[in-house]
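These are my notebook entries on one protein chain. I set down what I looked up, entry by entry.

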Amino acid sequence: MSEPKASDGSPTLERSKEFDQLKNDEFSEAERVALEGSVWRKLDRWVLPLCTIFYLLSFLDRSNVSNARVAGLQKSLKMSNYEYSVALTVTYVPYIAAEFPSNLLLKRIGPNLMLPAMITMWGLVSTLQGVVHNYSGLLACRFFLGLMEGGLFPGLVLYLSFFYPRKRLQIRVATFFASASLSGAFSGLLAAAINEINGKGGRPGWAWIFIIEGMFTFVFGIVSFFLLPRSPESAHFLSEDERSYVISKLKEDGAVSQDDKKDGFSWIEVAESAKSPHVWLLAIVLFFNGTTLYGLAYFEPTIVAGLGYAGNRAQLMSVPPFATAFVCSIISAFVSDRYRCRGLTAIFFSILGLIGFSMFYASQASHVRYGSLFLSITGTYCAAPALSTWMANNSAPHVRRATSVAIAFIMTNAGGILATWLLGSLSPAPKYTKATITFIIMSIGMAVFSAVNLIYLSRENRLKAERRGKMTREEEPAGLGDRSAWFVYNL
């Protein structure tokens, strides 16, 4: 029996032969080379920029409350640190509740309708934060902001898997996820600029942060209804041959089922995802990652202010660590896709984050603590796309993948709830001792559980190779999805 070309999710030799025959019937060698060179560039020009802007706006509108806090939100609404943590937590409860049903509905309703609708609605809610006059109004806005945004990140990961084979996915996920670190940098710059119009129209600077950024999101959401394709089959910018080629590559890679009917909804597939050990190993890692990531996203400007910077200076000094994370996440995603090393990438950046948090804990010098943010933010933000892609890569068919991705982000955002309390009221500024110790432990946990998952998947690939040597593909039971001997896990 033929062996796979690699134990990293690449198609096996037998599967490749099947699709080579299909491609030979449709395209000449020259046509295949030309298509390979053109289709991914077209998708990168049309689909990827929209996903990147979607997530940039999502993270910007969810985390700009930290910049508004530095600009006077907490003082203006007479909030305690405890009440600020409650406001952040209120965002995450509906956010988590929306993720699973949203992912299951995405393909049925159509991402070309569902994603722009979500963006338009949360843009309106985000804008309304700028006109609240009391704490209760802010709580209401934060609740509906979480409800509208909840399905976006898992939806985007799932949406990109409709267009890109597994081996091409992480660089794309990392590209749009890098906008999270870019939003951290951009938010600080934008907040510093917007705060200059403090008092205009009778509104404080923090209110204008919400109004201006929210209105941009609202307008872009409406425009995106006319730009976002539903699937490769309906992408107007692809020729008929290019559409056929993309679909054949997705089926060859196992990203979509050979039979489209197998991608229909099934509670059995939901249960199969919940029974997968690698899903829960990564879910634990993503909980740890979510705690550290959202802790930094929501409190980094406050942490910087606690190091001796104030006002717009604090906003501007919050920019460089996120800008560094943005550059590193793009580079690391390219390396991870090129060498297909999701697990090693996650482990490396978990250790980098561990070093950063350890520096912050061990030193009392402001310049050392500020320098540690470059390591902790880069480590945390670069691990996230590798982990998200690793989860999406190793679940099939569609409903099982949708469920796995939803579990991943439910756990990530559950970590976000913990983060709002760790740095909000349980661990006083400016030392954040309890929070930092927790982040150190979680960084260790990320590296350990990522390593365990890597070992588990390697073992499963070896067992699958043995099964392929003892049977033909026709002898294997149908409907196994990622448990098929011919589905090789990405490592």
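Predicted model: local features only at pLDDT ≥ 70, side-chain atom pairs only at ≥ 80, totals over all residues.

I looked up the surroundings of Ser404 and found that, leaving aside neighbours within four places in sequence, Ser404 is in contact (heavy atoms within 4.5 Å) with Ser273, Val279, Met391 and Ser395. Ser404 is found in helix H18, residues 398–426; helices here are DSSP runs of H or I with at least four residues, numbered from the N terminus. Its relative accessible area is 0%, so Ser404 counts as buried (buried means under 20% relative accessible area, exposed over 50%, partly exposed in between, with a 1.4 Å probe and protein chains only).

Residues are numbered from 1 along each chain as its sequence is written, and side-chain values use heavy atoms, with hydrogens and water left out. The mean pLDDT (the predictor's confidence in each residue, from 0 to 100) is 88, and 92% of the residues reach 70 or more. Over residues 1–24 the pLDDT is below 50, and this stretch has 62 contacts in the model beyond near neighbours in sequence.

I recorded one between Ala396 and Pro397, with omega about 5°; Pro397 is in the loop between helix H17 (366–393) and H18. Another cis bond runs from Ala429 to Pro430, with omega near 0°, and Pro430 is placed in the loop between H18 and helix H19 (433–468).

Lys78 lies in the loop between helix H4 (73–76) and helix H5 (81–109), and is exposed at 72% relative accessibility. Arg340, also a residue other than glycine, has a positive phi near 55°. Arg340 sits in the loop between helix H15 (319–339) and helix H16 (342–362), and with a relative accessible area of 24% is partly exposed.

Among the buried residues of H7 are Tyr135, Leu138, Arg142 and Glu149. The cover over the buried residues of H7 includes helix H3 (48–70), helix H6 (111–128) and helix H13 (277–305). At the start of H7, I found a side-chain oxygen of Asn134 within 3.3 Å of the backbone nitrogen of Ser136.

How values were computed:
Helix = DSSP H or I, 4+ residues; strand = E, 2+ residues; numbered from the N terminus. Polar contact = N/O pair within 3.5 Å; in protein donor to acceptor, adjacent residues only side chain to side chain.
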